[in-house]
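My notes follow the structure.

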Amino acid sequence: MENSQPFVKVIQAKSTQASFLWLEGFREACCLHRVVLLCLRSRTLLMRTAQCFLLNGLIFLGSLFVLNSVVIPTLEWMLPHQCSLITDQETCPLGGILKFYYLLRLGLVQLFYLFWFYPLYIFSFILSNLWYNDIAKYGFAALGESEVTAMEPSGDDALTSQKNTNTNKPAGLGGIMVGIGEQVYSVLLLSFFFLEVYATGFLPYIGKTINFLLLSWMYAYYCYEYKWNFSEVPLDKRLDFFESNWAFFAGFGSPCVLAIFFFSPLVSYGVMAILFPLFVLTATSSGAEKAIFSQRRKWKGASLGRLPIFYVADTLSMWMLSIFLLEPQEQRQDNKEH
């Protein structure tokens with residue numbers, strides 16, 4: 001029992017530290033007053049943000065509201081599916097007609113989805129992603145910072161500048177190829193991580209909890225990725241910083257997930273499409289590094305340790321890249337032999 005007490009104390013201390021970091025991340029995400037300040041500084045940013053609200057809020061969610069509140073009730077009144085709605089008789093001689101009404105009403109609703117919602121969803125998804133990048137860019141410019149700090153390595157307490165971060169990056173064509181390689185790897189990593197998030201939702205009992213946690217990390221990474229791109233932070237430093245401060249980013253992503261977790265897929269998309277640019281701007285203007293280091297100083301420099309959040313996605317991404325890299329080499333060897 002005496003030997004287990006130090007271990008229990010360590011677990012309690014780490015849990016308390018993780019809770020404080022989670023709360024700090026949650027607080028950072030909820031600092032939406034920063035969005036107002038940035039929009040006041042940049043008229044272009046204000047216009048882009050308003051366009052997101054108009055497309056995803058007024059048009060997309062408004063269309064869903066009209067469908068559920070006006071169109072469907074009207075169709076149910078015009079094409080009733082129960083005898084009690086049209087007759088008081090105990091027997092229902094209109095069973096065949098009511099079944100036809102039901103199928104007709106269902107078909108009309110599906111046509112509404114096919115020719116309006118699904119094209120609108122695709123259009124909104126593509127256009128919104130373009131606008132998110134613009135919003136992050138204008139928000140980053142509105143900060144007016146001439147030099148932004150990069151991520152610290154997990155074992156170093158000092159922030160490194162953007163210049164120091166990029167000293168190891170090759171110049172010229174080599175630097176371009178490294179940048180392209182990082183983008184390809186990043187796309188694969190996040191795609192596999194998204195599949196991992198989707199798959200955990202089907203796990204019994206603990207699936208929803210794990211799904212919520214992974215979604216929180218996913219949205220937090222998406223929000224900060226724009227800032228890190230404009231700050232030219234290398235991918236390895238992003239992942240190191242993110243996984244070394246996993247409790248903070250779990251807290252930052254939680255408000256995003258809470259806003260959509262209990263809605264239907266289409267409503268969840270519409271709500272997130274409205275809120276996501278706000279969280280992107282919050283991440284862009286946040287002092288995540290300072291908040292994390294401030295919490296670390298309270299715990300006398302102790303860290304929680306790195307949690308391999310992207311381990312599965314990283315393994316699958318490297319496996320996928322190895323397949324594409326090995327095939328051309330094998331083809332060249334075959335050509336030499338012939």
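Buried means under 20% relative accessible area with a 1.4 Å probe, protein chains only.

The model is predicted: local features need pLDDT of at least 70 and side-chain atom pairs pLDDT 80 or more, while totals for chains, interfaces and linings use all residues. Residues are numbered from 1 along each chain as its sequence is written, and side-chain values use heavy atoms, with hydrogens and water left out.

I then listed what Phe242 touches (contact: heavy atoms within 4.5 Å). Leaving out residues up to four places away in sequence, the list is Trp217, Ala220, Tyr221, Trp228, Phe249, Ile309 and Phe310.

**Whole chain**

I counted 12 helices and 0 strands (DSSP runs of H or I, at least four residues, and of E, at least two). Of the 338 residues, 41% count as buried. Among contacts with a separation of 6 or more, 81% join residues 24 or more positions apart.

**H2 and H10**

I checked helix H2 (residues 33-41) against helix H10 (residues 265-285): their axes, lines fitted to C-alpha atoms over the stretch in contact, come within 9 Å and cross at roughly 85°. The two helices are therefore roughly perpendicular (65 to 115 degrees). H2 contributes Arg34, Val35 and Leu38 to the contact, and H10 contributes Leu278, Leu281, Thr282 and Ser285.

Conventions: Buried means under 20% relative accessible area, exposed over 50%, partly exposed in between (1.4 Å probe, protein chains only). Axes are lines fitted to C-alpha atoms, for helices over the stretch in contact, and angles run from 0 to 180 degrees between N-to-C directions. Angles under 35 degrees count as roughly parallel, over 145 as roughly antiparallel, 65 to 115 as roughly perpendicular and the rest as oblique.
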